[in-house]
Amino acid sequence: RTCAPRGRRFRGQASPCFTMVGVHRVPSFEAARVEVTRSRRSRVSHRPFVLALAFLALACFVVPVAGDSNELDTSDGDFVSISLATKDAVATKADTYTYTSASLPPGDHYITRFEPKATSKVVHHMLLFGCSGDVAPTLHTREGGMFSASGGGGQPRGAVCAGNDPEPFIFGWGKDAGDLRLPSGIGFQVGGRNGFKTLVLEVHYLNPQVPDDANTESGIVVHLRPGVPLRQMSVLAYAQGFSLPPGQKEVKVHATCAYVSSAPLTAFAFRVHTHAQGTRVFLEKAIVGAGFEKRVDTAVTKKNTSVTPILLASRDPQLPQLFELVEEKAKFTIAPGNQLRVTCVFDTTNRTTPTSAGWGHGDEMCNLYLMVHAEESKYASCTGSATGGGGRSKFDLETREARHTKVEAKKTGVFVVPPPLKYAETTPHTGVESIDSQWRRWHPSLGQVSGVAFEPDGRHVWVFHRGRRVWDEKSFGDDFKITHGSPIAENTLVKLCLTTGLIVMQFGANEHYMPHGLTLGPDGDIWVTDAGAHVVIRYDARFGKRKATFGKELKPVRYRTRRDGGTDEARRAESDENDRAGFCMPTAVAVAENGQFWVSDGYCNERIARFAEDGSFVSEWGTTSIDDATKNMRKNVGFDVPHAIALHNRRSRILVADRERGHVTEHGLEGELLETHDFSEHGYVYHVATLLSEEDGMSGFYALCWGRGEATLGNKGGTRLVAKWDEGGSGSSSSRTARWDLPFVDAPHAMDVVGGGVGGTKTWKRGVSLFVTETRPKLGDVSLRRLWLGEAFNVTTNVVEPPLGWVYDEERYLKVPGLAREGPDDTFETMKIERERFGREDQNRNDIGDVVLTDTNAVDTYTDDYDGVEKIAAPQHGGGFGKFRPGGEVKTIPVPEKSAKLFQFRGSDRGVRRWNTIWGAGVLFVTALAFVMFPKQTRGKNGWGRVLEGRQRRAREETPRGVELT
């Protein structure tokens, strides 16, 4: 380090000292002067080149800012921190609510961390909202509480977001809770085309504040990262209106809603909130058919089975009101049709008058906020049934994209979705296949496919196939025993990727004799029925390991059916309980949330058997004699090959495909016949599947019918798809019938259906996805088809578009040889596939009429109201959609100029981008000039050169108030 003599400094030099790098001797001042001069001349000679670089950088800056960016950015770029805070001195009265907002930077970002800057001694709670546009102009400080206009006292808050837009709740804080960091690649999407444009912070001061420093603030620092998250975080908000009686040790308040969207939600964290009287808040999931109240199930047998809801989350509201992370072992997923209930427990022993739900400190609240993530955000609110309502109350999605128009069968067609061809590049297979054959066939290693099931997120599909084995007239003997002496050598359970068509997992080799039914349990386990081995098997889908086997392997257990002249008394006399837990060629299985399951014991015993979660036998129905059936038709009903079974979670019903009769029957969970649908004119019913997601207006059940070549049935003996659409959603009792012909399906066997919001079909307009399986006798022939049941489909433009986070590079694709084809391709079939087949809507004339109910019959008890409870406003700390808005109409009050914040723009997003572009271009231009005009040695210690050379990566500036952008 060398310093110039006193009084001798170069022009523009900030300090008389400079540093020589790589020189060990102390040079004379003259030598240093020569070095500096040479450096300056060198820079001047390159000035045109540097100017060109500056203008190139300017162009690179302007182009991305001027438009929207949707590209995924997972690089370690700089984070952006936004500080939202209000001055504590503003709270001059009790129950003061203050607000501040910030416009988000342009371009895609996502929130990765919330850092509170407050204490419970000063602030009661803070809430953070997101707006798709600007903040409401009427939003300003409220004093004396926050009530509706008719509630008496206080001032109505009104809307948070301008234009009456939804105001989803993002984050909440209370009672000195700590900060919250979100998982890597998961966050709340903001900015860009699809994210929030404005953040709004609400700060509630319970008591008046007289701080020592008038500039003391409370708020939250929100940390952002550039790019789009792999999975988007959102919040489900619960609230309920109520009035608590005084002097009670325990008073419970409930809020129940059913989730009816198609995309499954993964729980990450939860937060509860009550005022001083709350002692516990917990979240439960209903067991199908049992509701939420603990009860004893006294089914047909004398065995008692205790049924309780599944506890998902619980917390004391008097603890710090943070978002508590869901433990790894307790993680859960919310699937379509799930019924969730929040219960708040209050202690009012110190109250002498009723306590109402409200926003004041003397009132009470019942709130729970569940932070979930999915491929797309799902902000929703629940102010549902106070007593359960049979799960009919539904979450209100906080979006303007809800479809309210009625779907029409005549405008809805069935289209074949061509499978991807990527398997041809990596998977060797034998046989000669044409181009047409490749695009219409899924993986060539699949034999006769007997079962299929979508994964809930629609990314993959599980297939249960028979490898090289074909079911024909010689497969079983007269004693119903399989004639094949060894199990199938190929892997019979296959997991296919829907975007690539490749196999990502397979197992089941040398374990199965004649695959039949396939079901995914609520926990993701795979349940299959093996008609050849006469068993039901449960697998762990993650590792392909067998978890349990039910029945006696390779030993058919047969009872006398009604066609054999048997009676219930005779059957029970000749069979003990262990025998009744055996099967004879079972066809399908349905599984409830708590592990209890139902099996259609179809080809021999023609019954439905119910089992507890431990596999013990509970009850059965369908095997009564004709005499017994006439005495109590509603209690039991006979079947003629129950070929498939499905569980309707919201309506608590078992649906059975009574194949040979052409019926779909609906039963209570203990066997009561509730409704019969006669589809015999369409053919024999081979499969039935339920759809509980309502976002496309196509919820209900779907039946796969086949005329088996009989010209008088259906499509001249062909295949037909029949749908029963629920008029009022998946819990409604009214329905419409629609049907479509499937001329390209020759030997149907099974199917599955998922909503159009998953599986990469979000942009395909309204519709649902189906897979239909076939069991053609020709080995290697077409056995699996994906269909789109929707308003339109274009084979060129409607391709499966995986959402962000759908990463395939991490999957290990398996190379599996294909099966040799027997015979040439059916070229005419390709032409039939390309035809558009639109549906027809039928009157419900084929439904067997209402039957008089008796005391022993099950009764539907669904309601959309509060089950007799008076409807009261549901106050909450967070959310603001529909019934959630606290407060009535408010007059427009101009926002004071002094409340304007740094980088807060009130104009449109286009205006924000324009001004950001102009401002950034100006800064960059001045920076380039400073860089060029002044030599390196003449730029001071804190000058422009230091910033641009990377010696200081960030420049922080603490603003006295408002928003801080780093």
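Begin by selecting F114, F171, F188, V222 and M371, which touch the most other members of the largest nonpolar core, a group of 51 residues; keep in mind throughout that this is a predicted model. Now centre the view on F188 and show what surrounds it: apart from its neighbours within four places in sequence, F188 is in contact with several residues, among them H109, F114, I170, M233, M371 and Y379. A second, separate core, this one of 49 residues, can be found by selecting L244, L265, V281 and L784, which are included in it.

Next, turn to the aromatic rings. Select F114, F129, F169, F171, F188, F323 and Y369, and you will have a cluster linked by ring pairs. The count of aromatic pairs comes to 25. One of them is worth a separate stop: the ring centres of W442 and F771 are 5.3 Å apart and their planes stand at 65°, so this pair is edge-to-face. W442 lies in the loop between helix 4 and strand 28, while F771 belongs to strand 49, so that the pair links parts of the chain that are 329 residues apart. W442 counts as buried at 6% relative accessibility, and F771 counts as buried at 0%.

Move on to F583 and F611, whose ring centres are 5.6 Å apart with planes at 65°, which makes this pair edge-to-face. F583 sits in the loop between helix 6 and strand 36, and F611 is in strand 38, 28 residues apart.

Two stops show a charge over a ring. Select R280 with F282, where the charged end of R280 sits over the ring at 4.2 Å from its centre, and then R708 with Y684, where the corresponding value is 3.6 Å.

Finally, show the cysteines. A disulfide is a covalent bond between the sulfur atoms of two cysteines. How many disulfides does a search of the whole structure find? The search finds four.

Then select C344 and C366, joined at an S to S distance of 2.0 Å; the torsion about their S-S bond is about 85°, so the disulfide is right-handed. For the last stop, select C584 and C604, whose sulfur atoms are 2.1 Å apart: with -55° about the S-S bond, their link is left-handed. C584 and C604 are buried.

Methods: Residues numbered from 1 in each chain as written. Predicted model: local features only at pLDDT ≥ 70, side-chain atom pairs only at ≥ 80, totals over all residues. Heavy atoms only, no water. Core = buried A, V, L, I, M, F, W, Y, C linked by side-chain atoms within 4.5 Å. Buried < 20%, exposed > 50% of the residue type's maximum accessible area, 1.4 Å probe, protein only. Contact = heavy atoms within 4.5 Å. Phe/Tyr/Trp six-rings, centres within 6.5 Å; stacked < 30°, edge-to-face > 60°. Helix = DSSP H or I, 4+ residues; strand = E, 2+ residues; numbered from the N terminus. Lys NZ or Arg CZ within 6 Å of the ring centre and 35° of its normal. Disulfide = S-S within 2.5 Å.
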